[in-house]
Amino acid sequence: MKYIAIDLGLKRIGLAYSAHKDIVTPLPSIIRKNRNQAADEVKKAIKEWEVDAVVVGVPLGGSSEEEMKRRIAHFMNLVSFEGKVFYQDEAGSSKEAESMMKGEMKHLRDGRIDSISAMIILQRFLRTKPPRG
């Protein structure tokens with residue numbers, strides 16, 4: 001299975017890719033100008049990487065979980081992805097990404113942190129997924 005993880009933000013969308021359970025690669029993030037442009041760019045990435053499933057980071061268990069899932073569902077509807085969409089708890093993934101990028105780079109707002117956050121989300125998902133056999 002090939003996966004893309006999405007760390008959906010209001011300004012930037014982090015992306016990460018995996019075709020193998022043990023290897024997750026951050027992809028260039030998307031600078032979000034508007035909803036339709038962002039959805040089109042996510043759709044292009046999904047097509048380019050021939051993805052079977054999408055894993056979206058969501059704050060699970062909080063008071064905003066249902067609202068965030070509704071927004072994500074709306075966004076994925078714009079992407080018009082036909083495959084499976086999974087939700088993965090994103091709690092702490094941005095902080096973890098920032099600590100991985102110690103020093104000056106963590107102050108850059110070029111989207112690298114967002115894509116590393118997406119990478120962490122996908123790694124978590126793949127770790128908890130039972131092996132197929």
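Predicted model: local features only at pLDDT ≥ 70, side-chain atom pairs only at ≥ 80, totals over all residues.
Let me begin with Pro28, which lies in strand 3, residues 23-31, where strands (E, at least two residues) and helices (H or I, at least four) are DSSP runs numbered from the N terminus. Residues are numbered from 1 along each chain as its sequence is written, and side-chain values use heavy atoms, with hydrogens and water left out.

Is Pro28 buried or exposed? With a relative accessible area of 69%, Pro28 is exposed, given that exposed means over 50%, buried under 20%, and partly exposed in between, with a 1.4 Å probe and protein chains only. Setting aside residues up to four places away in sequence, Pro28 touches Leu15 and Ser115, a contact being heavy atoms within 4.5 Å. Pro28 and Ser115 are 87 residues apart along the chain, and yet their C-alpha atoms are separated by 6.8 Å.

Stepping back to the whole chain, we have four helices and five strands, which follow the pattern β-β-β-α-β-α-β-α-α when read along the sequence. Of the 133 residues, 41% are buried, and among contacts with a separation of 6 or more, 63% are between residues 24 or more positions apart. The chain exposes about 7,900 Å², of which carbon and sulfur atoms supply 53%, with accessible areas taken from the Shrake-Rupley method with a 1.4 Å probe and, for residues, only the protein chains shown counting as cover.

I would now like to turn to helix 1, residues 35-48. At its start, a side-chain oxygen of Asn34 reaches to within 3.1 Å of the backbone nitrogen of Asn36.

Which residues of helix 1 are buried? They are Gln37, Ala38, Ala39, Val42, Ala45 and Ile46, and the buried residues of this helix pack against strand 1 (3-8), strand 2 (12-20), strand 3, strand 4 (53-58) and helix 2 (65-79).

Gln37 deserves a moment of its own, since at 15% relative accessibility it counts as buried. A polar atom of the Gln37 side chain lies 2.9 Å from the backbone oxygen of Ile31, and, leaving aside neighbours within four places in sequence, Gln37 is in contact with Ile30, Ile31 and Arg32.

Let me move on to the backbone angles. Most residues other than glycine have a negative phi.

Val85 lies in strand 5, residues 84-89, and counts as partly exposed at 31% relative accessibility. Together with Leu60 and Tyr87, Val85 makes a nonpolar surface patch of about 210 Å².

How values were computed. Patch = residues over 30% accessible without salt bridge, like charges linked within 9 Å, V, L, I, M, F, W, Y side chains within 5 Å. Salt bridge = Lys/Arg side-chain N within 4 Å of Asp/Glu carboxyl O. Polar contact = N/O pair within 3.5 Å; in protein donor to acceptor, adjacent residues only side chain to side chain.
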